[in-house]
Amino acid sequence: MADRAQNQLPPFSAHRLGGERAQAAVTLRGLFRQAGLSESPWPHWIDARPGLLSGIWVDGDAEPPLGQLFASLCIQYGELLIDGLSALKLALAAQTVGFCTSSPAVHAELLRLCAKTTIAVQSTVAAFPSLPEPELPPSPGRAWVVSPQLVVAVGAIVRRREPPRLCSVVGAVKQPQVLDLACAGIDAAETAWTPRELVRRCFGSTSAAWVALVGGALTGIPWQADAPLPTDVSHLLVLPADHELISRRRLLHDPTARISNACLSCDLCSAFCPESIRPHVQMQALARKQPLPSGGLSGCTGCGACSVVCPAGLLPASLLINPAVPRPVSAQHHADEPPPLPEGRLRIPTELLLSRLGLLDYLPR
């Protein structure tokens, strides 16, 4: 009985959809739960305040620098993106759904993909971190912005098939590409993927000695070349062993001493934090081995903006999302109001971001 109640639409949404469409929305919600997307993969405020949701938007820039995942999804799995977004629109009785991206090439591909649908395509500013909400019509602040991976997972549920296991392999490789780890000619039951194998699939590295970061440039974890990768790996950044990002990570083996000696308390990381968690205060607490300020990390998304702008090269994001650092559970997902718009937050132009990270040389030609 409890499961059935959680699958039901709010009365307002049921009235908006009407009859058969409302019943189809209830069925979809049941499919999501059966597939293990959690009891509610959307924010709590959408059902708590029916009618407040203005639209659902897929953020094409919501991946680490140099990532090519969304572009590959549009080209190879466009039908899953369309089906997934359409299913979410029905399940939540949303009036508007769409894709947003700052890439002209991806924007053109999306226009082609959505030509025969009512799905919108919106251009956004090429800046980091990705904060498209203020630019999205028709009612900024009332949109639900989702990742392409979630939408593809929903599309796979609708089509009753396994979602692709894509991994964007970029950086110091001869042919950066996106590999589908579920069907790339390896028996996962017998052999696990390793960074060395993925680099080989990209025709080798451009550097004799290289290091792989699982998760991207800003919060990625160095991974041994022959160690099995996590099953959910989606981004692998390959860099020369002497690259500045690798050198900065080696300095974090003793973060307490490093923070004490290098952190300037300049507040720049806090000025660029889209969630206003004040990373410089958290860093100072770590340096003094003091308890972290109450609730300070609960809203951290791990975007890495603080790591980009830190003049001391401390990579605050890598430290703050470290599993060894206790983090309170965020209550944002269960809020009855949408999160406030990040108006006025400082952002970094994408080209400047890549320059500061020493990644300009790895842009696709």
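Helices here are DSSP runs of H or I with at least four residues, numbered from the N terminus. The model is predicted, and helix H9 in this model covers residues 195-201. Glutamate 197 and arginine 201 are four residues apart in helix H9, which means that about one helical turn separates them.

Side chains of opposite charge can pair when their charged atoms come close. Glutamate 197 and arginine 201 form a salt bridge, with their closest N and O atoms 2.8 Å apart. Glutamate 197 also forms a salt bridge with arginine 200, and here the closest N and O atoms are 2.7 Å apart. Arginine 200 and glutamate 197 both belong to helix H9 and lie three residues apart, again about one turn of the helix.

Arginine 200, with a relative accessible area of 52%, is exposed. Arginine 201 is partly exposed, at 24%.

The whole structure holds eight salt bridges. Another of them is between aspartate 47 and arginine 29, whose side chains meet with an N to O distance of 2.9 Å. This pair links distant parts of the chain: aspartate 47 sits in helix H4 (residues 44-48) and arginine 29 in helix H3 (residues 19-34), 18 residues apart. Is arginine 29 buried or exposed? Its relative accessibility is 2%, so arginine 29 is buried.

Helix H5 (residues 69-76) and helix H6 (residues 78-91) have axes that come within 5 Å and cross at roughly 95°. Angles of 65 to 115 degrees count as roughly perpendicular, and therefore H5 is roughly perpendicular to H6. On the H5 side, the contact is made by Phe70, Leu73, Cys74 and Gln76. On the H6 side, Gly78, Glu79 and Leu81 take part. By class, the residues of this contact are four nonpolar, two polar and one charged.

Terms used. Residues numbered from 1 in each chain as written. Predicted model: local features only at pLDDT ≥ 70, side-chain atom pairs only at ≥ 80, totals over all residues. Heavy atoms only, no water. Salt bridge = Lys/Arg side-chain N within 4 Å of Asp/Glu carboxyl O. Helix = DSSP H or I, 4+ residues; strand = E, 2+ residues; numbered from the N terminus. Buried < 20%, exposed > 50% of the residue type's maximum accessible area, 1.4 Å probe, protein only. Axes fitted to C-alpha atoms, helices over the stretch in contact; angles between N-to-C directions. Parallel < 35°, antiparallel > 145°, perpendicular 65-115°, else oblique. Contact = heavy atoms within 4.5 Å. Nonpolar A, V, L, I, M, F, W, Y, C, P; charged D, E, K, R; others polar.
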